[in-house]
Amino acid sequence: MPNVVISDASCLIILSKIGELEILQLLYSQVYITPEIEIEFGESLPDLILVETVKNKKYQEFLETKLDVGEASAIALAAEKPDSLMILDDLKARKIAKKLNMVFTGTLGVISKAKDQGYRSKIKPIIEKILQI
């Protein structure tokens, strides 16, 4: 298991809208986001979420030429934190993360892990809720 989990806003938004944000708490002791992701999420944050500013702003700005600010900040933060897992849903961000040899999953991967670890008995009802939003 990675030492650090970094989430983009999409996972937080999706899980919050379907009332399943607690899945993150069940799976991970802490989840990092950036201030940019906090703004994009726009809700109060659960205790497990820590907000950390990217130190290498030049790298983040470079990534922003290719990605939205949230995804760029998540990848830049992951570059600063060894042994991290990113939760990314954006295809372009995932392609860049793959080129950078970073480890990532998506919201569906998080949901699948919750089932595998016994926190949810079925995935289909959760996916059906996602399709309703």
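Predicted model: local features only at pLDDT ≥ 70, side-chain atom pairs only at ≥ 80, totals over all residues.
**Exercise 1. Overall build**

Work out how many helices and strands the protein chain has, and in what order the elements run.

*Solution.* Start with the count: the protein chain has eight helices and five strands. Next, walk along from the N terminus, where the order reads β-α-α-β-α-β-α-α-β-α-β-α-α.

**Exercise 2. Dimensions**

Decide how the radius of gyration of the protein chain relates to the value for a compact globule with 133 residues.

*Solution.* First take the expectation: for 133 residues, a compact globule would have a radius of gyration near 14 Å. Then take the value of the model, which is 14 Å, so the two agree. For the extents, look at the C-alpha trace, which spans about 45 × 30 × 25 Å along its principal axes. Finally, turn to burial: 44% of the 133 residues count as buried.

**Exercise 3. A shared arginine**

Find which residues form a salt bridge with Arg120, and say where the partners lie.

*Solution.* Take the pairs one at a time.

- Step 1: Glu20 forms a salt bridge with Arg120, with the closest N and O atoms 2.8 Å apart. This pair links distant parts of the chain, 100 residues apart: Glu20 is in the loop between α1 (9-17) and α2 (22-27), while Arg120 is in the loop between α7 (107-116) and α8 (124-132).
- Step 2: Glu22 also forms a salt bridge with Arg120, and here the closest N and O atoms are 2.7 Å apart. Because Glu22 sits in helix α2 and Arg120 in the loop between α7 and α8, this pair ties together parts that are 98 residues apart in sequence.
- Step 3: Now check the surroundings, with buried meaning under 20% relative accessible area. Glu20, at 9%, counts as buried, and so does Arg120 at 17%. Glu22 has 45% and is partly exposed.

**Exercise 4. A charged patch**

Determine which residues gather in a patch of positive charge on the surface, and whether Lys95 is buried or exposed.

*Solution.* The patch is made up of Lys66, Lys92, Lys95 and Lys99. Pick out Lys95, which is found in helix α6 (residues 91-99). Its relative accessible area is 51%. Exposed means over 50%, so Lys95 is exposed.

**Exercise 5. A leucine in a loop**

Locate Leu21, and settle whether Leu21 is buried or exposed.

*Solution.* Leu21 has its place in the loop between α1 and α2. With a relative accessible area of 16%, Leu21 is buried.

Key:
Residues numbered from 1 in each chain as written. Heavy atoms only, no water. Patch = residues over 30% accessible without salt bridge, like charges linked within 9 Å, V, L, I, M, F, W, Y side chains within 5 Å. Areas by Shrake-Rupley, 256 points an atom, 1.4 Å probe, with all protein chains shown as cover. Salt bridge = Lys/Arg side-chain N within 4 Å of Asp/Glu carboxyl O. Lys, Arg positive; Asp, Glu negative; His and termini not counted. Charge placed at Lys NZ, Arg CZ, Asp CG, Glu CD. Helix = DSSP H or I, 4+ residues; strand = E, 2+ residues; numbered from the N terminus. Buried < 20%, exposed > 50% of the residue type's maximum accessible area, 1.4 Å probe, protein only. Rg over C-alpha atoms; globule rule 2.2 N^0.38 Å.
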